[in-house]
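This report is meant for someone meeting the structure for the first time. Please look over the sequence and the model before reading on.

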Amino acid sequence: MIDLEKASVLPHLRKPPITKLQLVKYAGASGDYNLIHTDDETARTVGLDGVIAHGMLSMAFLGEYLCWLAGPESVRRLSVRFNEMVRPGDTLTCRGRVKERTAGNDGSRLQLEVWTENQRAERVTVGEAEVVIT
Amino acid sequence: MDHPPTLTRDLIGRESEVVLFEVERGAIRKFADAVQDQTAACVRGDVAPPTFPTTFRMTIPGLTFDLARVLHGAQEYRYERPLRAGDRVRCRVRVADVYQRKGGLGPMTFLILAMEGTDESGSPVFSGKTTAILR
């Protein structure tokens, strides 16, 4: 775990490149069987070049990022917007910074700005999170 | 060509049945594996990753649309505590809002879904808000 009390810009978490196999596995694990994520032919019928990753996969990366930063018991909120499409072969990196720190009865509450960016440094999924530090 | 029915504001307030979901260790492990989530407690299947409530799928009567035309615009989750293997959560999802906006490619319909999960004593465990965009 990271010493969040002192951090302002948070360390980053780089994920392995997204693969088509991962999208099939995520479809099965999450129950999201929308074929635009797993079938190129379906993706083309709606004007895409090929399959795109589930937005929820990049949100899941940010969920892991929060657990890595603060521990899985500490996550209180995660809210994201899906701004850009993610394709197989893209490599996402989770980044964040501390926006606000408030002291409460059960320790500190940290408001974080978090996002995933792709290999072109485009912020594909952006959001906010709250974690508690005891 | 068939067009799916347009979503209209009379859907607001409609909700799913309350559905009981059991958080299974194997399902947690499978989810963590798909995400390549390295969090030790998730890899073991003890604690569910934060976005695990996405696996709790429910249907709202009267709400149908073509999946391939849906974009996931935004998602929020709030947690009282993490979900753990063995938890039994009662979930319900309802249509919180429906509205139209003009987009670059024509009119778009925004559908806001609100989801709640409680434990067996009725205490809140998590809530979710989904923004779906239909082109």
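Which residue in strand 5 of chain A is the bridge partner of A:L112? In this predicted model, the bridge partner of A:L112 in strand 5 of chain A is A:A129, while A:L112 is in turn the partner, in strand 4 of chain A, of A:V98.

## Strand 4 of chain A and its neighbours

Strand 4 of chain A covers residues 107–117 and is mostly covered, since eight of its eleven residues are buried. Strand 3 of chain A, residues 93–104, pairs with strand 4 of chain A in the antiparallel sense over eleven bridges, and the two are joined by a hairpin through two residues.

Strand 5 of chain A, residues 123–133, also runs antiparallel to strand 4 of chain A, with ten bridges joining them. Five residues lie between the strands in this second hairpin, where A:A121 takes a positive phi near 60 degrees.

## The sheet across both chains

The pairing described above belongs to an open sheet of ten strands, whose order is 1(A)-3(A)-4(A)-5(A)-2(A)-2(B)-5(B)-4(B)-3(B)-1(B) and whose pairing is antiparallel. Strands of a sheet pair through backbone hydrogen bonds, either parallel or antiparallel.

Helix 3 of chain A, residues 55–70, lies across strand 1, strand 2 (75–82), strand 3, strand 4 and strand 5 of chain A, together with strand 2 (70–79) of chain B. Helix 3 of chain A runs at about 145 degrees to strand 2 of chain A.

## Chain B

Chain B contains two helices and five strands, which follow one another from the N terminus as β-α-α-β-β-β-β. Within chain B, strand 4 (residues 106–118) and strand 5 (residues 124–134) run antiparallel and are joined by ten bridges, and B:M115 stands opposite B:G128 in strand 5 of chain B.

Taken as a whole, the C-alpha trace of chain B spans about 45 × 35 × 25 Å along its principal axes, and buried residues make up 44% of its 135 residues. Of the contacts in chain B with a separation of 6 or more, 67% are between residues 24 or more positions apart.

The accessible surface of chain B comes to about 7300 Å², with 50% of it belonging to carbon and sulfur atoms. Chain B carries 19 positive and 17 negative charges, and their mean positions are 4 Å apart.

Conventions:
Residues are numbered from 1 along each chain as its sequence is written. Chains are lettered from A and ligands numbered from 1 in the order in which they are written. This is a predicted model: local features need pLDDT of at least 70, side-chain atom pairs count only at pLDDT 80 or more; totals for chains, interfaces and linings use all residues. Side-chain values use heavy atoms; hydrogens and water are left out. Helices (H or I, at least four residues) and strands (E, at least two) are DSSP runs, numbered from the N terminus. Buried means under 20% relative accessible area, exposed over 50%, partly exposed in between (1.4 Å probe, protein chains only). Contact means heavy atoms within 4.5 Å. Accessible areas come from the Shrake-Rupley method with a 1.4 Å probe; for residues, only the protein chains shown count as cover. Lys and Arg count as positive and Asp and Glu as negative; His and the chain ends are not counted. The place of a charge is taken as NZ of Lys, CZ of Arg, CG of Asp or CD of Glu. Two strands pair if DSSP finds at least two bridges between them. Axes are lines fitted to C-alpha atoms, for helices over the stretch in contact, and angles run from 0 to 180 degrees between N-to-C directions.
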